[in-house]
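User: Hi! I'd like to understand the labels used for this fold. Could you walk me through them with the numbers behind each?

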Amino acid sequence: MRALILGATGQVGRALAAAAPARARIVALDRAACDIGDAGQIERAVSDAAPDILFNAAGYTAVDKAEEEEESATRLNAAAPGLIAAAARRAGARTVHLSTDFVFDGRSSRPYRPDDATAPLSVYGRTKLDGERAAVAADPDVLIVRTAWVYAPSGANFVNTMLRLMRERERIEVVADQLGTPTRAASLASALWALALAGAAGVHHFTDAGVASWYDFAIAVEEEGRVAGLLGAPVEIVPVTSLAYPAAAVRPAYAVLDKQATWVLLGGAPPHWRTNLRASLREAGADG
């Protein structure tokens, strides 16, 4: 079995390569090797790799900058998924496309199901939703997996930002009125492989188990980080509202995804987000 991973140096791309089954032959390409905004480069990458499965973990992820760089976000998030899915289909490969909770407006009073109405609030959310539609139009059998609040030991993410701030400051403020679910990249990657190998298609949701605010997440990072030897003295963490930190892109206030159908396919739920956070931070601590 051959697999092509686009977005190889991102946190999910790295995790996908690490989680690959032993029998899989992996071709992992970063932006320098394959610019997903270039149809010709996509065609060449797919032709050269001849994959059975193509994972698209690439895209424009600078949520706030997207408000000013809509053209770039559209090219990478909205147009590219259709080009990728079309090229993969012509090559006889299945496409696994990664999407986001930002396709919803956050006004729900219950976790969002895959078939719930979408209503993105930002350029990032709109372009990701357009990308889903483009991928489906190019290949009705595409697998789309929406996720949220992803972190890994390396890369730009909430956990690494909090660890840095907690080393630099004695007091930090963290938004407490936005809810979602932290998701370990390794956990997501394992789920993506399992879904792909099971032949899943259509839209699915996956995160780790549980619900948290960013404030809850920060508290856990501080507590588990100290246990893992990554932090020194305790840090004061103060809950604030979103109004305290206005951003260019509007975030969904409630970004909890309903994963029940996906978890049935996977044979059960993943660990609670705090359990996975603890494992991730202890692994980082052991690595020095």
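Analyst: Gladly! Just after α6, Gly199 takes a positive phi of about 80°. This is a predicted model, in which local features need pLDDT of at least 70, side-chain atom pairs count only at pLDDT 80 or more, and totals for chains, interfaces and linings use all residues. Residues are numbered from 1 along each chain as its sequence is written, and side-chain values use heavy atoms, with hydrogens and water left out.

User: How do you know that the span of helix α6 is close to the expected one?

Analyst: Helices are DSSP runs of H or I with at least four residues, strands are runs of E with at least two, and both are numbered from the N terminus. The expected span is 1.5 Å times one less than the number of residues. Helix α6 (residues 185-197) has 13 residues and reaches 18 Å from its first C-alpha to its last, close to the expected 18 Å.

User: What makes α1 oblique to α6?

Analyst: Angles run from 0 to 180 degrees between N-to-C directions of axes, which are lines fitted to C-alpha atoms, for helices over the stretch in contact. Under 35 degrees counts as roughly parallel, over 145 as roughly antiparallel, 65 to 115 as roughly perpendicular and the rest as oblique. Helix α1 (residues 11-18) packs on α6 at about 60°, with the axes 8 Å apart, so α1 is oblique to α6. The contact (heavy atoms within 4.5 Å) involves Gln11, Val12, Ala15 and Leu16 of α1, and residues of α6 including Leu188, Leu192 and Trp193.

User: Why is the pair of Phe102 and Tyr124 called edge-to-face?

Analyst: Rings of Phe, Tyr and Trp (its six-membered ring) pair if their centres lie within 6.5 Å; planes under 30 degrees apart count as stacked, over 60 as edge-to-face and the rest as tilted. Phe102 and Tyr124 are 5.2 Å apart centre to centre with 85° between the planes, hence edge-to-face. Phe102 lies in the loop between β4 (94-100) and α4 (123-138) and Tyr124 in α4, so the pair ties together parts 22 residues apart in sequence.

User: Why does Trp214 count as buried?

Analyst: Buried means under 20% relative accessible area, exposed over 50%, and partly exposed in between (1.4 Å probe, protein chains only). Trp214 has 18%, so Trp214 is buried, and Phe217 is buried at 1%.
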